[in-house]
Every structure is written in C-alpha cells, then in structure tokens.
Amino acid sequence: STEQQTSDDLCEPPGDTDIFLHTIQNLSNSFTGLATTARQLGTLQWVFVARSKPEMYSNVPNDNPRLVISSTGLFYLQVFHCTLSTGMWSSQSTSDLKIVMEQLGERSGYVVCPGIEFSKFEDKVAFMKNLRSWGIPFHRYDSKNCKLWHKPPNRVRKSLYSFDNAIHQDMCTPCRHLVTALRRQQHTVKKTDKAARVLASLCAKELYMSPTSLAKKRQNQAKERT
C-alpha cells in the first residue's frame, strides 16, 4: 500500500478529462479481470476500478474492493467502505497507482478476508474481547486486527474445496488465530456441560435409591478413593 504524500510532494494532476479517462482505462487493461466505471460528481471526474467477478462466499457478508481515482490526482483503496491506502498520481507518474491496481487483478492472489461465521459459536461461547462485530448495513464478525485485504500463502482454487474450506483458506492470520481460540473455548464449554450432565444424572438416580443401597454405594466410593 502507499501512504498519502504531503502537499510539497504532490504530482501534477492529470488535468484534461479525456486524458484522465484514457490513462485509467489503459492502466486497468494491463491487468486481468478489472472493470471500470466513470462518474461525474460535481466538477470532478471519478473512476471506480473493481474486479468484474468478485469473490463470493456462502452466508458470509463480503465486499468487492474498489479503487477510487479522482481527476485531481488522488486515489484510494476501499474495502467495506474502509480506506486502506491512499496516494497521488499523474499521467507522468503512475507507479504507485499501478501497484494498487495490480492487487485488484484477479491473478494477484489478493482476497478480502471473509471474517468469521460466528453463528457456529455464539450459542456456546462468551463474547471474546478481540472479536469485532460489524452492524449496519450487514452483520459481520472478525478479529479486531483483521487485515480485510491480504494475500494468503499457498492459495488453491476454490473449486477444489467446500465453501467452509475456501472461507478458512482466505482468512487472514488474525482471524484464523481467533477461530482457533473460539474452537478451543467451545470445546472447553462442551466438556464442562458434559460433566455437569453426568453429575446431574447421578444425583437424580440417588434420589430413587433406598437408604441401604445408598449407604453401600458410599462405602464402595470410599474404598475406591483409598
């Protein structure tokens, strides 16, 4: 990602609208699977660049990341309406813009982290402090340190896997660690519940035992402890 430059370092903006649109279109054509949309907002011309075929997941809110480019020379990358990186460009200096645009290309390996299917855990697991909940306009759970936009190592085509495996494969490292912690906590809760049910069952049986049988059971338990 690129950092926003100071006013002393700004490039000259692209200027002419036709040159601006032509430059962006040529850049996007250099990368596979990108679609561009041009809009006039007030006196400014904007171009939105995104994947023509965004990632799709089952029952997980997802977003198609987009690169927003202004004719003033400003550009920024957005995922879930969060700005992840910003920069400046000109028709003579497009290197920073090309780096971000290359990430959007379908062959780059970059993906949106799908977050966590918390519905699998919420009935048994207490809300963890490093778990983040998104509200309007959708419900999403992820780690507070979720990268949102990243390049998973050793990514394999989704067609080889189920949706669940594909989702886990595209998770960022902080979300994977959180899922591991949630599963561990869920396993602990299940073991505790099982022990409580066994104890409750034993207590219920003792209610129907005769005093003689109950006393004999206590004696046997005492012998087992010694």
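This is a predicted model: local features need pLDDT of at least 70, side-chain atom pairs count only at pLDDT 80 or more; totals for chains, interfaces and linings use all residues.
Local features need pLDDT of at least 70, side-chain atom pairs count only at pLDDT 80 or more, and totals for chains, interfaces and linings use all residues. Residues are numbered from 1 along each chain as its sequence is written, and side-chain values use heavy atoms, with hydrogens and water left out.

**View 1. The loop between β4 and β5 holds Phe80 and His81.**
Strand β4 spans 74-79 and strand β5 spans 82-88. Strands here are DSSP runs of E with at least two residues, and helices are runs of H or I with at least four; both are numbered from the N terminus. Phe80 has a phi near 50°, a positive value in a residue other than glycine. His81 is not a glycine either, and its phi is positive at about 65°. Is each side of this pair buried or exposed? Phe80 is buried, at a relative accessible area of 4%. His81 is exposed, at 61%. The cut-offs are relative accessible area under 20% for buried, over 50% for exposed, and in between for partly exposed (1.4 Å probe, protein chains only).

**View 2. Phe75 sits in strand β4.**
Its relative accessibility is 0%, so Phe75 counts as buried. Where does the chain bring Trp89 relative to Phe75? The two C-alpha atoms are 7.4 Å apart in space. In sequence, Phe75 and Trp89 are 14 residues apart.

**View 3. Arg132, Arg140 and Asp142 form a network of salt bridges.**
A salt bridge puts a side-chain nitrogen of Lys or Arg within 4 Å of a carboxyl oxygen of Asp or Glu. Side chains of opposite charge can pair when their charged atoms come close. How many salt bridges does a search of the whole structure find? The count is two. One joins the side chains of Asp142 and Arg132, at 2.8 Å from N to O. Asp142 lies in strand β8 (residues 140-143) and Arg132 in strand β7 (residues 131-134), so this pair ties together parts that are 10 residues apart in sequence. Another joins the side chains of Arg140 and Asp142, at 3.0 Å from N to O. Asp142 has 0% relative accessibility and therefore counts as buried. Arg140 is buried too. Arg132 is partly exposed, with a relative accessible area of 25%.
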